[in-house]
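Hi everyone, thanks for coming. Let's walk through a structure that may be new to you, and please have a look at it before I start.

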Amino acid sequence: MTNDQLSEKRLDQLREQAWKDGVVTDRGVDVAGGPIPRKPGYYGEPVVRPPVWTWEIGLYFFIGGIGGMSAVIASAAILFHHLDLIRAAMWLAGIATILSPILLIMDLGRPRLFLNMLRVFKHQSAMSMGAWILTGFGTCTAPGLIAVELHFHHVFGGTMDQLVRIAAGIFVFGSAFFGTLLATYTGVLIGATAIPAWHLHRVLLPIHFGTAGLGSAAAWLELIGHRIPALNAIGYYAAAVESALLIWLTFNKHGAADRAIHEHGSGWLIRIGEILNGPLALILRLFGLVPFAAISFLIGSLVSRFGWIAVGKVSGTDPEAVFASQRL
Amino acid sequence: MIGEGIQSSNQRRHSFVKDHVEVGFFTDPSVCIGCKACEVACKEWNQVPDDGFTWSGNSYDNTGHLGASTWRHVMFLEQDRQKGNQITGPMGLPFEPASPARADPQSEDPFRWVFLSDVCKHCEEAGCLESCPTGAIVRTEVGSVLVQNDVCNGCGYCVVSCPFGVIDRRPEPLPDAGGAFKCTFCYDRQKSGLVPACAKVCPTESIVFGRLDDLRARGAQRVQQLQESGYTDAQLYDPTETSVRGIHAFFLILGEPEAYGLPPKPQIPTIYLKSAWTSAFATAIGSFIATLLAFTFFS
Ligand code: SF4
Ligand code: SF4
């Protein structure tokens with residue numbers, strides 16, 4: 001090889017490295033001009049921006065889902081007079097009411113300004129709606145839990161106790177109303193964004209998040225000792241819906257546009273999560289292994305929440321996904 | 001435009017803010033020389049911190065993309081295409097079957113270097129503005145989209161709601177970290193009758209600032225001019241047919257928008273709300289009913 005050819009070769013190597021890593025850090029590197037882009041897009045730079053959210057958001061989706069849906073279980077337990085279950089479910093909702101805002105605030109870039117969330121009410125912003133839903137949930141859950149406990153311990157007697165009972169009922173139903181929204185709005189939150197793999201599945205996401213929340217609430221209550229047939233039935237329902245969603249996700253592919261769901265580490269998180277809270281939880285329940293089914297469901301829905309955040313990060317940095325989604 | 005000297009709308013004082021006139025940027029890569037004066041002027045005027053000094057290896061562009069601390073970004077495109085009536089010959093580049101231009105070693109090697117100064121598009125329907133839960137992002141008198149730094153709490157929702165990937169949250173340890181930042185359209189300058197810093201310094205008037213209706217007419221005229229002089233792939237990038245309904249900082253581009261990292265059909269994410277909320281409400285009601293049925297039949 002002549003000298004010229006050698007330096008050509010070195011140049012090609014550098015270009016390859018620039019392609020792969022985005023940056024060449026070798027000493028004495030002096031490339032005249034760069035590579036002619038071979039992939040669509042501008043040197044592989046992202047077209048939309050990936051989410052800046054970290055682990056707090058995935059955990060918040062999980063805890064908000066459990067808390068919200070356990071308020072629903074509490075309201076059903078009121079109607080069917082399962083006094084112990086009302087208390088356990090409301091405690092679960094109460095803990096979620098405390099943890100959810102903490103997680104949300106931790107994820108803010110400027111936590112001390114978190115109250116600005118309640119400056120405006122914007123129906124066209126799922127984040128704003130979420131802030132108000134969480135506020136409504138907390139406003140009902142905290143007094144609801146207190147009223148339930150006051151009534152249970154008969155702190156007051158006579159008419160006062162009756163009033164407390166009525167208040168408990170009203171607050172628990174209010175908490176259930178906001179709870180169902182709390183568990184499902186998160187799907188809207190990430191579904192109505194510019195990230196292709198998210199917005200292409202905006203119908204599936206609320207179903208998945210809501211159902212995973214319901215199943216997780218039932219699973220958690222079963223694990224702490226409420227092994228009643230009604231919760232088992234909810235467990236079957238949730239695992240069946242999740243299995244159906246897994247099938248839907250497998251067949252509803254959009255090629256490069258949503259490949260983050262089917263490829264990469266993010267794809268594995270989604271798949272593992274969906275198998276754990278879909279078919280596996282269903283089979284374990286069929287064999288009567290209720291605690292194992294419950295654990296499998298809980299882990300599955302936790303993993304899949306993180307999976308969906310990871311999908312957003314992968315899809316948001318993939319220019320070809322954006323182009324493909326707009327050529328659909 | 002070129003030749004207008006101090007009469008150009010880039011140099012005159014104006015009262016657009018007071019008069020509530022819609023203004024915009026028209027950015028034309030066919031006259032851009034890639035000097036990056038706009039990037040520098042923007043950083044200086046707005047006191048934007050540096051965002052790292054990396055050598056990218058991508059032509060002479062070490063900026064990469066727009067972000068929280070990059071509000072103007074000059075792209076350096078290297079394309080194996082002809083520029084206007086450019087005369088080309090073999091460049092002695094290595095034979096590469098993947099590229100049709102060089103499939104034949106004796107062929108001509110058309111090559112062009114295109115520079116385009118990218119910026120926040122100040123969308124007619126802005127995803128960032130609609131999604132902001134704190135109301136930090138507002139529309140100004142001149143139709144631009146502005147982030148109020150003291151209101152933003154850094155929730156990061158605008159970041160995933162911008163169809164152009166412009167706005168971003170500024171990471172630690174930079175000054176003012178945690179908030180979302182993007183081009184302000186030099187609102188402060190405009191309020192006192194000045195032209196945005198980038199347009200003011202642009203030596204070739206590749207960036208033109210002015211009344212939006214004026215600019216749109218100029219843009220159309222410029223495309224025609226270029227087409228006539230051999231730039232057959234010149235076109236305007238202004239997605240008026242999509243739900244974004246047009247952008248106030250629009251571009252002339254040579255070739256396809258994809259090559260510039262511009263989405264071919266950008267959509268404002270609020271159009272996805274209806275189906276997503278329908279699904280959410282259906283799930284909410286479904287979960288309630290399923291729970292009630294479970295208690296009814298298995299109690
Ligand atoms: S380009 Fe992005 S950041 Fe700029 S106005 Fe449009 S949506 Fe907002
Ligand atoms: S990060 Fe700031 S500007 Fe962006 S949506 Fe949140 S509050 Fe609004």
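In what order do the elements of chain A run from the N terminus on? The answer is α-α-α-α-α-α-α-α-α-α-α-α. That comes to 12 helices and 0 strands, where helices (H or I, at least four residues) and strands (E, at least two) are DSSP runs, numbered from the N terminus. The C-alpha trace of chain A spans about 100 × 50 × 35 Å along its principal axes.

Some housekeeping. This is a predicted model, in which local features need pLDDT of at least 70 and side-chain atom pairs count only at pLDDT 80 or more, while totals for chains, interfaces and linings use all residues. Residues are numbered from 1 along each chain as its sequence is written, chains are lettered from A and ligands numbered from 1 in the order in which they are written, and side-chain values use heavy atoms, with hydrogens and water left out.

Now to a helix pair in chain A. The axes of α2 (residues 55-79) and α5 (residues 158-191) come within 8 Å and cross at roughly 145°. Here axes are lines fitted to C-alpha atoms, for helices over the stretch in contact, with angles from 0 to 180 degrees between N-to-C directions. The residues of this contact divide into 16 nonpolar, 9 polar and no charged. For those classes, Ala, Val, Leu, Ile, Met, Phe, Trp, Tyr, Cys and Pro count as nonpolar, Asp, Glu, Lys and Arg as charged, and the others, Gly among them, as polar.

In the loop between α1 (3-21) and α2 of chain A you'll find A:Tyr43. A:Tyr43 is not a glycine, yet its phi is positive, about 50°.

How do the two chains meet in one salt bridge? A:Arg110 pairs with B:Asp176, their closest N and O atoms being 3.8 Å apart. A:Arg110 sits in the loop between α3 and α4 (126-152) of chain A and B:Asp176 in the loop between β6 (168-169) and β7 (180-181) of chain B, so the pair joins two chains. The rule is a side-chain nitrogen of Lys or Arg within 4 Å of a carboxyl oxygen of Asp or Glu, and by it there are 14 salt bridges over all chains.

The loop between β6 and β7 of chain B also holds B:Pro173. A cis peptide bond, with omega about 0°, joins B:Glu172 and B:Pro173.

Last, the ligands. Which residues come nearest to ligand 1? They are B:Cys120, B:Cys123, B:Cys128, B:Cys162 and B:Lys182, out of 14 around it, counting a residue as near if one of its heavy atoms lies within 4 Å. The shell around ligand 1 has 10 nonpolar, 2 polar and 2 charged residues. Around ligand 2 are residues including B:Cys132, B:Cys152, B:Cys155 and B:Cys158, and that shell divides into 7 nonpolar, 4 polar and no charged.
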